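User: I would like to learn how to read the features of a protein model, taking them one at a time. Could you walk me through this one?

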Amino acid sequence: TKRNNIVNLFKTLTGDLNYYKSDVGQGIYDALKLSQQVAHLPLATLSSMSEVFIPLTKGKPNRYTQELLKSMGEAGELFTKKIPRILKDKHNLSQPEVFNEMNKVFLAVEEALADRVENLAGEGMQTEWVKKGARGFFKANLLTQWTKMVQLASFNIGKDLIRSNLKELHKASKAGTDIFKATGKLRRYKEELFDLGIDIEQGIKWVDDGAKQADARKAYSELTDSEKFYQVNLIRGAGRFVNEVILNPAREQAIKPIIQSNPRVDILFQFLGYPTAFSNTVLKNYARQLVLNPAANAPKILSATLLMTGTALGLNYVRGSDESREKYFKDPALSLLTLGGPILDDTFGSVFYRRGLSETLAKNLPGYASKNVLENLTGLTPYDNITEGAKKFDKSLKESMFGKTSPRKKYER
């Protein structure tokens, strides 16, 4: 009924969920999720590289490039210079100002960042040691650091978008234009600011006062009216921009079906969180942008889509084997079997391809998804040898239990 659906949605969004009551059962369930992450996501950072082009659909290309390079430098400085000093003198170290601003809207906060990364590949882990293992794994494969850098780039792009739009509206207002009745570019600037929750009247006054950037470490009571606009309205707007382009498929975001957030069966959809969130957020935003202003937005969306698609195809090609590269575009339908995540893929493999238990376990060894890259770089094929040995073991075990079976003949008319 509708009432039950509403109650279930409320419980999902507020975290009132029915986890496994047994600590042992929950621990096994969480450990199984972690095993899938470690086996299939060692190269997750490569898969996420196309994400960096999403902000291109909203920002200006030249400013996007500048802010991206700037953010890479700031993130690199933090990771290579600041962190060693944190270990030596944690309390006296001041981090870059932009990170203080991001922290104001819960971006780049270690706990929130770790949760966001975990949500990409299986949320809701309750067992503490499994959580620590997952966070250590995603730091080891640099996904956490990459996500922080992309958040930083998007945050800077969002701030620049708000600032430039307000300056354009301020300029038009000074020229005598009624900006609230204006059409064309001015209307687009207004719509972009409204989407980010920006108070345009306060924003124009902020520009009139010099568009000064406030110190993120100041208490709210110490801020002037102009600084309050920057710290409260503009920074929150930039944070909203980040959440629109850098997806967080957590259950409380309400951007995926409830079944995918059910803590007892969500392992069946473990790697579907990001594709679902992308469809429900980014693609819908693209459609909306095209409807509102096709002339201005179509080129941005087309260029970003081509960049993301080309990057994804290129990275998939790099990660593939020689055999898979030959079949790269020939048999895409087979990949549909993996849409439910690795657990369903293993189930389909056991049923349709008669994989034995040993072979299934061999295909879920830590780092298994990196086997093609490892072979291409070093010529070593340890995973193939292990898988072949597992197949032989399964075959001999089956023959010892049920005897030898004659091979099936192909159907002939």
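User: Among contacts in the protein between residues at least 6 apart in sequence, what percentage join residues at least 24 apart?

Analyst: Please keep in mind that this is a predicted model. Of the contacts between residues at least 6 apart in sequence, 74% link residues that are at least 24 apart. As for secondary structure, the protein has 18 helices and zero strands.

User: Which residues of helix α17 are buried, and which helices do they pack against?

Analyst: Helix α17 covers residues 371-378, and its buried residues are Lys-371, Asn-372 and Val-373. These buried residues pack against α13 (294-319) and α18. Just after α17 comes Gly-379, which takes a positive phi of about 85°.

User: Which residues form a nonpolar patch on the surface, and why does Leu-397 count as partly exposed?

Analyst: Partly exposed is the class between buried, under 20% relative accessible area, and exposed, over 50%. Leu-397 counts as partly exposed because its relative accessibility is 38%. Leu-397 lies in helix α18, residues 382-402, and together with Phe-393, Met-401 and Phe-402 forms a nonpolar surface patch with about 470 Å² of accessible area in total.

Technical notes:
Residues are numbered from 1 along each chain as its sequence is written. This is a predicted model: local features need pLDDT of at least 70, side-chain atom pairs count only at pLDDT 80 or more; totals for chains, interfaces and linings use all residues. Side-chain values use heavy atoms; hydrogens and water are left out. Patches are made of residues with over 30% relative accessible area and no salt bridge: like charges are joined within 9 Å, nonpolar side chains (Val, Leu, Ile, Met, Phe, Trp, Tyr) within 5 Å. Accessible areas come from the Shrake-Rupley method with a 1.4 Å probe; for residues, only the protein chains shown count as cover. A salt bridge is a side-chain nitrogen of Lys or Arg within 4 Å of a carboxyl oxygen of Asp or Glu. Helices (H or I, at least four residues) and strands (E, at least two) are DSSP runs, numbered from the N terminus. Buried means under 20% relative accessible area, exposed over 50%, partly exposed in between (1.4 Å probe, protein chains only). Contact means heavy atoms within 4.5 Å.
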